[in-house]
Amino acid sequence: MNNAYYLGLDAEYVMGTYGRLPVAISHGKNATVYDCDGRKYIDFTSGIGVNSLGLCDEGWTAAVTEQLGKFAHMSNYYVAPKMAELARELTAATGMSKVFFCNSGAEANEGAIKLARKYSRDKYGFGKPGNTRATIITLKNSFHGRTITTLAATGQDKFHVDFAPYTEGFKYVEPNDIDALKEAMTPDVCGLMIEIIQGEGGVNFLRGAYLRDVEELCREHDIALIVDEVQTGIGRTGRFLTCQNYGIEPDIVTVAKGLGGGLPIGAFMCNDKFATVLGPGDHGSTFGGNPAACAGALEVVRRVKDQAFLRSVRDKGEYLRARIKDMNIPIVREVRGLGLMTGVEIDGDPREYVKKCCEMGLLILSAGSNVLRFLPPLTITYDELDAGLKILEAVLGGSQRCEK
Ligand SMILES: Cc1ncc(COP(=O)(O)O)c(C=O)c1O
């Protein structure tokens, strides 16, 4: 069966919610992928930041397979050893105290929002006359997920149209504007949720000085500081968490994507202050912390937290950005990034270039309205980087076609 066959099935039977490229994936190894026509691609997407260890990593596959040979799922009424071990590894790598496991980034953010609100309710008595301390501030241009609540949390008007009514209790401020944030800190606020680098929004950075002011302001007002590291976490930017690049200590951190290395898993983690806020019955998930996903995640976390591994992520990111800058491509306005998260701002519609790259054998992402986004596997080799960059240069810079 070839691409055309599966594309036909997809068009006929799968809900048309995705702007698909005309490729059906067959298999791959690390950052090299093959489609169902046998065509080869270099992967600068890692399944949108998911395949941290690339495709078919031997250690990861063995860990998942071993767990599948024991049991794939029971329920959260019983302890799953891999979940317990994973929680220990995550707290050690992040300095957090407790972890709740779920299945996706949106769910992790939903949980974080619940935790922030419950903390405030317990401490300040939400619902008492004159007290409605339940509002979460988020930043304009952010992205926090696709459930009704995380769409409401997302600070982009275009996501607040088609599915009203949305969850109440969110307000939005300009990123990197501490005065705007101070003004928004009204008595109804219980939390602030931020992405340190806005991924979907265009690989836009929050400034270090702003982040430190944010942390101080949250402490001063006893506001839960939630950092959404769904895209930036688990080694993506060359530290285990991106907040560790800036020395800030959130109350709650959410992760997903790269945590599982290819299987669906998400988590929200919190510090001591929030550790006992949620008790029995307050939150739950049938599949959350699925043992096979936890076994894969355990392999990811053990490998990624290693300092030499993290250094290699930083080095490869520097190399990638330096090579792109050296290309001197006229349509490239800016190259920005940290570790293996990079945005290349261009003149023109990035989706057109995503399509052309795909035709020429490079899988790449867009973000915002004018950014090409690079989220390769953390294990991508320099040869794979070079092969992908050659295609990128041909697409952005000129005319030359690449071999099939
Ligand atoms: C920062 C951020 N938060 C949340 C999400 C939602 O994650 P998921 O698609 O796993 O629900 C995403 C997805 O792109 C994201 O980038």
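Predicted model: local features only at pLDDT ≥ 70, side-chain atom pairs only at ≥ 80, totals over all residues.
On helix α13, the face turned away from the buried side carries two exposed residues, Tyr 382 and Asp 383. Residues are numbered from 1 along each chain as its sequence is written. Helices (H or I, at least four residues) and strands (E, at least two) are DSSP runs, numbered from the N terminus.

**Helix α13**

- The buried residues of α13 are Glu 384, Leu 385, Gly 388, Leu 389, Ile 391, Leu 392, Val 395 and Leu 396.
- They sit on the same side of α13, because they cover an arc of only 165° around the axis (the arc of the directions from the helix axis to the C-beta atoms).
- An α-helix has 3.6 residues a turn, so residues three or four places apart point the same way.
- Among the elements covering the buried residues of α13 are β2 (32–35), α11 (307–326) and β13 (332–338).

- Helix α5 (residues 105–124) has 20 residues and should span 28 Å at 1.5 Å a residue, which agrees with the 28 Å between its end C-alpha atoms; the expected span is 1.5 Å times one less than the number of residues.
- α5 is mostly covered, with 15 of its 20 residues buried.
- Of the 14 residues around the ligand, the nearest are Ser 104, Gly 105, Ala 106, Val 230 and Gln 231 (near means a C-beta atom, placed from the backbone, within 6 Å).

**Two domains**

- The protein chain is divided into domain 1 (3–56 + 307–397) and domain 2 (71–304), with bounds from an automatic or database domain assignment.
- Taken over C-alpha atoms, the centres of the two domains are 27 Å apart.
- Contact between them involves 24 residues of domain 1 and 25 residues of domain 2 (contact means C-beta atoms, placed from the backbone, within 7 Å).
- On the side of domain 1 that touches domain 2, α11 gives the most, with five residues.

Key: Buried ≥ 20, exposed ≤ 12 C-beta atoms within 10 Å, placed from the backbone. Contact = placed C-beta atoms within 7 Å.
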